[in-house]
2 protein chains.
Amino acid sequence: MNQKELTQHLKQVKTLCTSQGARLTPQREQVLSLIMRSKKPLTAYELLEGMRQEDKTPAPPTVYRALEFLQEQGLIHKLESLHAFVGCNHPEHPHAGQFLICTDCGEVNEVCNHELDKSLNAVEKNQGFNLQRPVIELLGRCASCQK
Amino acid sequence: MNQKELTQHLKQVKTLCTSQGARLTPQREQVLSLIMRSKKPLTAYELLEGMRQEDKTPAPPTVYRALEFLQEQGLIHKLESLHAFVGCNHPEHPHAGQFLICTDCGEVNEVCNHELDKSLNAVEKNQGFNLQRPVIELLGRCASCQK
DNA sequence: CCTAGAATGTTATAATGTAACAATTAAAAT
DNA sequence: ATTTTAATTGTTACATTATAACATTCTAGG
């Protein structure tokens, strides 16, 4: 996401947060911006590096707390298999993501397959299971990396 | 899995390994047994505790290597969202698992929904993605814990 | 037996994540 | 406006998960 897109995104996100009574503080906004600008998922410690100010990085809880907030607001997703975070492009309607993760180039693609959603619902129903957080991470090689 | 089932399972697994030219050494068998006997997923360090002999636990690489082997053979699955391992009940035909994970009681249920598989195939095809390892972990509350 | 490759042992350290408490800041109530 | 309450941030210390690198031992095959 480039600077222009980011500015637009942040504007939308701020509205969203206000309407939820959630505070997008400067620190949280900084973490979100780092994630949205990045082409690749970022780990907590990469984010800490990104937050460095004059040879001083914040302590880990700082970034973990911001990440927790951003996840709660549906502004970012955690990729469990990478211990890393990606931005969510459609925070306006909450959803759990489905991710294609290229193990070659590291690119991550969020998809939204409704058939897959239906299957998940079916599993829920069959098993009497109350699904709260689906983790769908598809590791493999993206189209470009197969050539 | 009780002792009787375990014995039977190990027998099958040994045949499987032999046919693959893979060696199920005593250490690997011990790790597999610990996992199969457990009702809950076990972390690497819990397994190390389980391997303790007279106040002496092996060093971490020991168990991580065994786990790597067992995963390669399709004898266990790693649950990324829990950093823990569960046994595979059907190692005879290799498959990636789909897991229902109860965040209340910790129970894990491996399911095999073919609709879901189909959806994954569809995503693959649509995106030209070569899926190598699907991570499907459904976190929520199991039927019993909802009462 | 000998030897090459596989498996294991050992040490050290990297990477990820959290608990607990103190200090500060912002929001709500009087 | 001031107080007071709750949310946020800072800080220290440490817990948990995981791997690199190299030494040693074992085992299957020649």
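**Stop one: a hairpin in chain B**

Select strand 3 and strand 4 of chain B: they pair in the antiparallel sense over 4 bridges. Strands here are DSSP runs of E at least two residues long, helices are runs of H or I of at least four residues, and both are numbered from the N terminus. Two strands count as paired if DSSP finds at least two bridges between them. Click on B:F99 and you'll find B:E110 of strand 4 standing opposite. The two strands form a hairpin with 5 residues between them, and B:G106 in the turn has a positive phi of about 85 degrees.

A word on what you're looking at: this is a predicted model, where local features need pLDDT of at least 70, side-chain atom pairs count only at pLDDT 80 or more, and totals for chains, interfaces and linings use all residues. Residues are numbered from 1 along each chain as its sequence is written, chains are lettered from A and ligands numbered from 1 in the order written, and side-chain values use heavy atoms, with hydrogens and water left out.

**Stop two: the sheet across both chains**

In what order do the 6 strands of the open sheet run? The order is 4(A)-3(A)-5(A)-5(B)-3(B)-4(B), with mixed pairing. Strand 4 (108-111) of chain A and strand 4 of chain B stand at the edges with a single partner strand each, so one side of each has no neighbour in the sheet. From one strand to the next, the twist averages 20 degrees.

Select helix 5 (residues 114-127) of chain A. This helix lies across strand 3 (98-102) and strand 5 of chain A together with strand 3, strand 4 and strand 5 of chain B, at about 135 degrees to strand 5 of chain A. Angles run from 0 to 180 degrees between N-to-C directions, using axes fitted to C-alpha atoms (for helices, over the stretch in contact). Then try helix 5 of chain B, which lies across strand 3, strand 4 and strand 5 of chain A plus strand 3 and strand 5 of chain B.

**Stop four: the interface**

Colour by contact (heavy atoms within 4.5 Å): 34 residues of chain B touch 34 residues of chain A. The chains bury about 2,800 Å² between them, 63% of it on carbon and sulfur atoms; that is accessible area (1.4 Å probe) lost on being put together, summed over both parts. On the chain B side, strand 5 gives the most, with 12 residues.

How many salt bridges are there between chain B and chain A? The count is 0, where a salt bridge is a side-chain nitrogen of Lys or Arg within 4 Å of a carboxyl oxygen of Asp or Glu.

**Last stop: chain A**

The structure holds 10 salt bridges over all chains. For one of them, select A:E29 and A:K14, whose closest N and O atoms are 3.6 Å apart. A:E29 lies in helix 2 (residues 26-37) and A:K14 in helix 1 (residues 3-20) of chain A, so the pair ties together parts 15 residues apart in sequence.

Zoom out to see 5 helices and 5 strands in chain A, running α-α-α-α-β-β-β-β-α-β from the N terminus.

Terms used: Buried area = accessible area lost by both parts, 1.4 Å probe.
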